[in-house]
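The sequence and the model are shown first.

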Amino acid sequence: MSDSVVFTRRDFLKLAGIGVAAATSGCAQPAEKLIPYLVAPQDILPGIPYWYASTCRECSAGCGTLVKTREGRAIKIEGNPEHPVSRGALCARGQASLQGFYDPDRVVAPMLREGGAWKKLTWDDALKLASEKLGAARTSGKTIALITDHAPGSFEGLAQAWTAAAGGTHLVFEAFHPHAQREANRRTFGVAALPEYDFEQANFVVSFGGDFLETWGSPVAQARGFAAMRARPEAGFVAVEPRLSLTGANADEWVAVKPGGEMAMALGMVHVIIADGLASNGAGVADIVAAYTPEAVEAQTDVPSVTITRLARRFAQASPSLAVPGGIAGQSEQAVATAAAVNLLNWVVGNVGQTVRFDRAMNDEAVSPFSELQRLAESMEQGNVAALVVHGANPAYAAPGWSGFAAAAAKVPFKLSLSSVMDETTELCDLVLPSSHALESLGDSEAVRGIHSIQQPSMQRLPMFDTRPAGDTLIALARGAGFGAKMPATWEEHVIGNWKTLHGRAGAGRPWDVFWNDVRRVGGVWDEPAATSVSWKGAPTFAAPELRGGGDLALVLMPGVHYDGRGANKPWLQELPDPTSKIVWGSWVEMHPQTAARVGVQDGEVVKVETEAGSVELPVYVYGGIRKDTIAIPLGQGHTAYGRFAKGTGVNALALLSPAQDAASGSVAYLSARAKVTKSARVSTVAMTQRNKQQHDREIAQVIPVAALLAGTAGAGHAGGEHAAGAGAEGATGGHHAAPIEQTRLGRYTEPQQRPPGWTPPAHAVTAAEPEMHVRGPRQNPVDQGSYAPNLAKHRWAMAIDLNACTGCAACVVACNAENNIPYVGPELVRRGREMMWIRIERYDERLDSAKHDVRFVPMMCQQCGDAPCETVCPVYATYHNPEGLNAQVYNRCVGTRYCSNNCPYKVRSFNFFDYSAPEKETFAFAEPLNWQLNPDVTVRSKGVMEKCTFCIQRILEGKGNARDENRPLRDQEIQTACQQGCPSRAIVFGDLMDDASQVSKLSRGSDRRYWVLNDLNTKPAVTYLKRIEREIVT
Amino acid sequence: MIKKIDALVGKLLEGPKVVHRGVLGVFYYVDDVTTLVTTLRGLGHTNITVTSPVPHHDVEKALGQGPSLVRWVTFCGGFLGATAGFSLCFYSMYSWPLVVGGKELTSLPPFVVIGYESMILLGALSNLIAMLALARLPQLKAPAPYDARFTEDRIGVWVPGDGPEAERVRDLMRGHGAEEVTLHA
Amino acid sequence: MTTSALDPHAVTASDGHDPHGVTDPAITQKSLNADSLRLISKPGPWWWGIFILDLTILAIGMIAERNQIALGIGVAGHTRPVMWASYVTNFVFWVGIAHCGTLVSAVLFLFRSHFRRSVYRIAEAMTVFGVMTAGLFPIIHLGRPWFPYWLFPYPNQRQLWPNFRSPLEWDVFAVTTYMTVSTVFFLVGMIPDAAAARDRAKSAIAKAWFTIFSMGWTGSNVQWKHYYTAYLFFAALATPLVFSVHSVVSWDFAMAQVPGWHSTIFAPYFVAGAIFSGVAMVINLIIPIRKAFKLEHIVTTDHMEKLAKLVLFTSTIVGYSYLTEFFMAWYGPSKYERDIFWWRATGHFAWAFWIMFTCNVIIPLSLWFKPVRRNMAVLFVLCLFVNVGMWFERFVIIVTSLAHPFEPATWDINYRMSWTEAAVLAGSFAWFLMYFLIFIRVLPAFSIAEVKETLIPPKRKAAA
Amino acid sequence: MRRALLAILVLGSLALASTAFTPPNYAVLGQSKGPTQPIKFSHKLHTNKLGMDCLYCHYGAIKSPIANIPAVSVCMGCHKLAVTDRPEIQKLTGYATRGEPIPWVEVYQLPQHVKFNHKRHVLAGVQCTDCHGPVKDMDVMYQYPSMKMGWCVSCHRKNMNDPKFPASMDCLICHH
C-alpha cells in the first residue's frame, strides 16, 4: 500500500503535537481551547477521534454537525444527533463541505491583481492597502457595498454594523432563496417568513414542484419527516411538476403539469374542495377560485379534470394534509401567485397551524431579493459605488448574466473579495483577503428562529493557507479605514458577546462558563418555539405565467447537488451520480424520448439548446420522466473559475435566461424561457455510472402493494418473498394464497409468471420468481457461521435497508466516500466504468408515464453474502469470510486477478485500475490538502487492488473495543456504519443478528416487506431489503 | 576468434581418452544382428550392447531384455504426488482455517484437482528421473566405442572382452555379415 | 521385450513397415537424416527479415506492457462488469494452441496414429512455446503483476497459503504442471534426434550444443528400452493432463456463477476447442515450413489431410457445443442464461459472436470436400480463419458474459480494446514466433528416429 | 557414491545458507543501531536509573491505539527544574521556548496497511517489553522485533485460546 499519500512523518508529528501543544504552550493561534463533543479537553490524545459540534454552512437550512477529528485533522462531518434540524443526519452537500475546506484550489494568501496576474501580499500590506482604498472610498461621497452569503447569526450582525459604520449597503445574496414564498406568505398570511413544514404529521402531501428532498427548504429535516410519514402505509404523496425530480420519483403519483401550471392546478383543487363542501376554512375564498373549474384547469395545465377532483378530495379528506410550494425549477414570473395558490390550498383544508407552522420559521430576514442585486448593479453601472466587498457569495456566477453584475463590477474602482476560493466574483476583484473556512473559525448560526447553533473551529487553520476569519478582516479593515470605532475588538469577542447576551436569556441559571461549555459540547441552545397563529389575509391576483422566446420547448432549470454552483469544486459531489440521469462531471439536457426522436438525437448525443438569450451545447439524456414539451437542464455547473474540478465542467444554464423576474418578490424567474433544440456536431463526452435503468424482471428493487401489506397476507409463519409464488406454485408452497393481489399489481405482482394449473417448479428452477423454499428450503437463520466453530464469534453483522424510506438522495454515498478514503477518478474513467464508490444508488425506471410512474431506488453495496461467490475464487485469500459474517477484503494481500468482481452478482467491488494514491501519478486523487481528510483507520488502497464495502470494519472494531473497555456487551445501534449514520431518512439499519433484540434482527427476520436481492443465487446476503410500499391515490 | 573457441569446445568435448576392450561390429541388416546376438548369447556373452538409430524388436527379443523398471518409479512418483497434493491442501486448511464461500474447510472436490495435477507432475518428473538414471543419461562419454553412423543407418554391436575370446567374437561377426569389425585391445 | 499391449509398435505390417508412415521408396534412413537436419543451417535473408520484423513487434508489445505495469492495468480497456477481457482471452487462446502438441504427440501416440510422426515435433514445439506465451498472460493481467508468486504454495514467514479452492489456483497447478510435462516431453523426444544432429555437426560449438540436448545419447539397447518405456508413460501421463488442463482452464469460467459461464459443458467444449485451434495452428505452421524447406515427401499431403480431418472433426464438436449452449439457455429455467445468450447473438458484441460462428462452424464445413483438404493454400487460409474464430470464441465467452451480468444496473458499460492490449496481443504472437523461428534453426524440427521407424528396416532376407 | 556425497554436501550447505539468510524475529542487543535522534534521549537512563514507568510519558499506550510520543510540555514538566544545565536538556528547552515540536525520528514504522492498536494489547496484558524489548538497556532506541507479519502471527497463534483475551486470527483485525 502506498504510504506516501497519507502523511510525511513531519506532518504527523506536527499534528500529533497539536492537541497537547495547543493546550499547554499557547503557541497555537486560536486562543480558544478546542472543546470536543463529550470529552474533557485534557484528554486529547493522538489516535483517538474527537468530535466538535458545529453548523453546516452549505445552504440556508443550518444543520447542526459534528466534525470528527483525528490527530488534529478534521476527517469527517456528520449530523449532530442533538441538533433539532439535522438530528444526526446530513445530506450529501453537507458531508462534502469537508472537501470545500480541503479544497486544493483555495487562495493561499492575500492576493493583489497587478495587470492580469495575481501577486501575493503579506496580510499587513494587504490590510493596509485595502484600508486605504476603503477609507478613500468612504470619503468619496459614494457608497461602499458589502455582499455576503446568508450567514444568520453573529456574522450578519457584524456585517450590518460594518456597513452602517462605513455608510454603505449590505446585501445578502442567496441565489436560490425562496423569496416568492416569503412574499406570498406576507400577502396571504401577513407573515413574511418561511414556515416549517411538518411532513411527519401529514397524511397526504402534494408538492407543487417543491424538491423538498433535494435543495428546497431544509432537506435533511424534511427527508426525516417524509420518511416518518411514509412509514405509515396510508400516507400518500403526489408530485405536481413538469419534470420528474428526485422528490417526484418518490411520489405515489406524478402529475405532469404543464410548466407554470402549478398555480392553476392548486386553485383547481381549491375549487373542488369548496365546491364539494370539504373546506374547513372556505369562507370568502370561493370567488377567488370560481374561474378554476377542473375543466378550465385541465385546459390550462393538461391535467385531467378527474385527477384534479380526485386529488382535491383526497387532500381534503386526509386531514392533516400538506401542500408544498415550488422550488427553483418552478419559479416563474408568477412565483408569488403560485405560492399563494398553494397557501390557499393549505388554508382551506385547515393545514395552516398543523402541518404548516410559522413558529419555527426560517431566519431569513436579512436575505436580499434578487432585485436588490440588480439595483446594486445599476448603481455600480452609474458609478455610484466606490468600493465593493464580497464575502462568501458568488453573484458573478450564480446570478443570471442579464443582471449585468459582472459588467457593472468593472466600473467599481476598488473591489475586494474575502472569499477563500478564486471564484468568478473573486476573479473580478482587485484584492483578495482570503477568509478561513467555517471548519477552522469560530462562528454561529441561527438559521431557524430560536435554534442558536455554534460553529466551532474544529481544527487549527490549515498551514498551507494563510487565511483569517472574515469577521476579523472586516474589523481590521474598519479600523484601518477609520470607521472602526464602534466595531468590536475582535471577531471572537463579537461572537462571544452575542452568546453572553443569549446566556442572559437562555442560560437557565447556569454560570457563563458552564453554559458556554455546554453550548460548545451540545452544539447550541434551542429556544422553545413560540406558538404563532396566522389567518388568511387575502390573495394576490392570479395569472398564469408566460414563457418567452420562440422555441417550442419549455426550459426547466433544476438545482442539483451543486446547489447554486458552490458544490462544483468538490470531487465527491462532481462524481456523485445525479439521482435522475446518473451522469457525473457535467451537464446534460433531459428530453422526452419522443422529443429526442423529433430532434433526431439519441441518448448521449450532443444538442444545441438555444433561447433568446443565448445557447449552450450539451449531451442529451433521454428521460421518460419529463413532458414532451419540456426540456430540463441542471444548474450549478459550467464555472469559468473556482478551481480545477469546477472550471470547464458542464455548462452554466443560467446563460439561457433572458431578463425575467417575478415582479412581486423580485426573484429571478428561472422558468421563463422557451428553447429550441438542434442536433450538434460535437462528440459527446457524457460520463454515466448507470446506463441501463430497466430491471428486466430481475427483481432487484421490489415493491409491495399497500393492500397486500395491510391484508397481512405475508403471514408470520412464512419466509419473505412468498408473494412471488405464482398461482400455480401453490401446491408446492403448502396452500399459500396470495393470488388475488398478484393479478393487479406492478412489478413482481402485476406480472406473475403464468403457469398451468398443477404446475410445480422443478427442483433446479432457481429464478427469482420462485419462492425461496424451492431454492434451499425455508431460509436458514443467517446467524450460522459458515464452517467456523460455532462459538468462534459472538456477532453476525447484518444490515436492513428500508426502500420505503430511501429517497435516493445519495447522502450515504458521500458519507461512505469520506469514511473509507474512496478516491474520485474523474469523468474519463467513469466513462470507462471505473468509478470507485462502494455504494451506488441504483435507479430503475419501471415506468415513467405521467400518473403511473414507478421509479425505484436501491442502495447497492457489498451484500456480505453468507455464501459469497467472490470468496471462493480468490487464489490468495485476499477475500474470505470472517467469523462475524463479514466478507473481508485484505487489500495488501490482493494481487488483482479481479476474479471476485467477475463473480460478484451484485457488482459491488471496485478496482484500483490506476494509482489514485501516489502523488507523482496523474491519477492522484488526494492532492494536498485533500489527503488531510483521509481516515487513518482505513488503508488507502494502491494500484491494482480490489476494494469494497466492509460494513465499516473500523467502526465495528472501535465499537467492540469500547464495549470491552467498559466491560459490557455491545448495545444495539452503538455501532453505526457511515452510510447509516448519514442517512437523512434513516433507511439503513446496521446491527448484530445474533442479538435477537436488535433492530436489524427484527427487520431481517420479522418484516413482512423483507426480501433479498438476487436471492435465487443462494448467496445468503447479510443485507436485507424491505420492499417499498406501493400506494395508489384514491379518494 | 570463433575458431579458437570452437577448438577449445572441441577439446573439452573430447575429454580424456578411455580405453575400451572388446569388439565392435558395424552392421547394416537387422536380421544379421539378430542372429549374431542369438549366437553370441548362446556362447555365453551376456554383456552385449547393440547401438542402433531406431529400436528393433527382433534385436530386443534376441537380447532377452525384460521390462523396464521405469514404470515402478513412475507409479511411486505419481502416488507420492497425489498424496503430497492432498496433504498440502489439508495442511493449509488446518494451519490457518479461512472459510470461503460458505464451504466446508476441508472441501474435497477442489482438492482433487490439486492432488491430480500434483500426481501428474511428480509422476512425470519421477518418470524422467528414472529414465535418465536407468539409461545412464546424461553421459559425456559413451561406455562403449561409438560411431556417428549409429544415428544414421548402421547398427553397432559391442562385445567387451579381450584375448582369444575377442578374436573369436570378431570372427563370428565377420561371419554374420558385419560390414566392419574393430578389435579394441 | 515381449510384445505387449503397451508396445508402441504394435500396428505395423508384417514386414515391420508402418503403412501410415512415409511410403516414398526414395527415402532412406540416410536421406532422412540429411533432409530433416537441412533446416539447421545458416539462415538466409528471408528468415532474418521475418525475425527482425518479429522482434520489432515484440518490442512494441513489451513497451506497452512496461507502460501498463508503470501506470496500472487501467490502460487496458476493462470496465466494472468486464474485469477480464483480452488478456484472459489470449491466455485461453494460447493454452488452447498449446494443447494440440500434446494431443498429437501423446494421444495419437497412444492411439497408434502413426501419421503423427512427421509432424509431432513441430506440434510439441508449438505446445511448449504456446504454453510459455500463455503463461505470461495470467501475470500480465494481474493488477499487481509483481506479486504472482503469492499464488504458489511455498512456506513463508507470513504463514499464509494460497486458496486451493480457487479455480485460478487450479490453473497455477495445471498450467505449471503442463508447462513442465510438455517441456520434458519435448526435450525427451528430441534426445535421439539431437544425437543424430550431434553426429553430423560441423563445428565443435554445434556439437556441444547438440550434446547438451542429446545428453550423450548413443542409442544402445539399454537406452532404447528405458527410453521407450518412459516415453510411453509420458504419453500416458500427458494424455489425462492435456484433458485436465483445458478442463481446469474452462473451470475458470464454469466454476463462476456468471450467466454464460456457469455450464457443465465447458470442459469438453474447451478441450475440443483447444484441439481445434491447435491443429489449425499446426497446419498453419507446417504448410510454410514444408514448402520452404521442400519436405513434402516427409510431411506428405496425406498427413496434412489427416490433420485437416481432425480440424473438421473438432469443428463439429465445437459447433455442437455452441448449439447446445443456446438450446440449454432456451430449454433451461434460468432467465439470466436466456438473456445472455440472446444478447450474445444480438447485442453490442454480436459482431464478435458471428465472426466466431462463421469461422469456427461454417467455414470448416468445406473440409467435407477432399479437394479442399488436399489443397494446401486453401487449407492454410481456412486454418487462419479457424484461429481467428477461436480467438473470438474466447472473447465472446469472456467479454459478452461479463458485460451482461445479473445486475442490470451495470449493463451497457461496454469493454473496448485499448491500444495497449492490441500491442500486447501482437507482442504475444511475436513472442511465440520468435521461439519458433529460433527453434527450427537450432534443433531438429522433424522427428528423425520416429520417422525412421516407419521405413522398412533393412533386412538381408528381404534384400535377397 | 561420490555423486551422492556431493549432492548431500550441496543440499546441506544450501539449507544452512537459507537459515543464515532468514531474518530472526528479534534483534540482538548490542548489534542493532537505532536512528540518531535530535536530542540524545536515553531510555536506559530514564527507565533503568530513574525507574520511570513507560506509561508516564507514553500515556496514550493504554488509552489510544497510538502510543503517543510525549509533548514537549511533558518533558518540561520535569526539566524545567531537573538538570537544566546539560546541553541536551538545553536543546529541549530551546524547542519548548520556540514552541516547536521535537522532530523525533520514528523507530517503529508500520506500513499503512497494518493497523496496530496499542490500547488493546496493553489492556490484554501484553507487556511493553514483549514487543519493544529490553528498553531498560537501550541508550539509543532501536527496532527490536522484526515487525514482520510472521512475528505478529506467531504471538497471536500462541494466545489464540487465551480464556480471557483470545488473540484473533482474523485478517481484518489488522488489515482494514
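How many bridges join strand β9 of chain A to strand β12 of chain A? There are 4 bridges between β9(A) and β12(A) (residues 321–324), and the two strands run parallel.

## Basis of the report

The model is predicted: local features need pLDDT of at least 70, side-chain atom pairs count only at pLDDT 80 or more, and totals for chains, interfaces and linings use all residues; side-chain values use heavy atoms, with hydrogens and water left out. Residues are numbered from 1 along each chain as its sequence is written, while chains are lettered from A and ligands numbered from 1 in the order in which they are written.

Strands (E, at least two residues) and helices (H or I, at least four) are DSSP runs, numbered from the N terminus. Two strands pair if DSSP finds at least two bridges between them. In β12(A), S321(A) stands opposite F204(A). Strand β9(A) also pairs with β10(A) (residues 236–240) in the parallel sense, over 4 bridges, and V206(A) has V238(A) as its bridge partner there.

Buried means under 20% relative accessible area, with a 1.4 Å probe and protein chains only.

## Strand β18 of chain A

Strand β18(A) (residues 451–455) is largely enclosed by the rest of the structure, because 5 of its 5 residues are buried. I451(A), S453(A) and Q455(A) cover one side, and H452(A) and I454(A) the other.

An antiparallel arrangement with 3 bridges links β18(A) to β17(A) (residues 443–445), in which D444(A) is the bridge partner of I454(A). These two strands form a hairpin with 5 residues between them, and G450(A) in the turn has a positive phi of about 90°.

The lining of the second largest pocket has 40 residues, and A254(C), A256(C), Q257(C), H262(C) and S263(C) lie nearest its centre. The largest share of this lining, 4 residues, comes from α9(C).

Key:
On a 1 Å grid over the protein atoms alone, a cavity is a set of points where a 1.4 Å probe fits but cannot get out, and a pocket is an open set with protein on both sides within 12 Å along at least five of seven lines; lining residues have an atom within 4 Å of a point. Buried means under 20% relative accessible area, exposed over 50%, partly exposed in between (1.4 Å probe, protein chains only).
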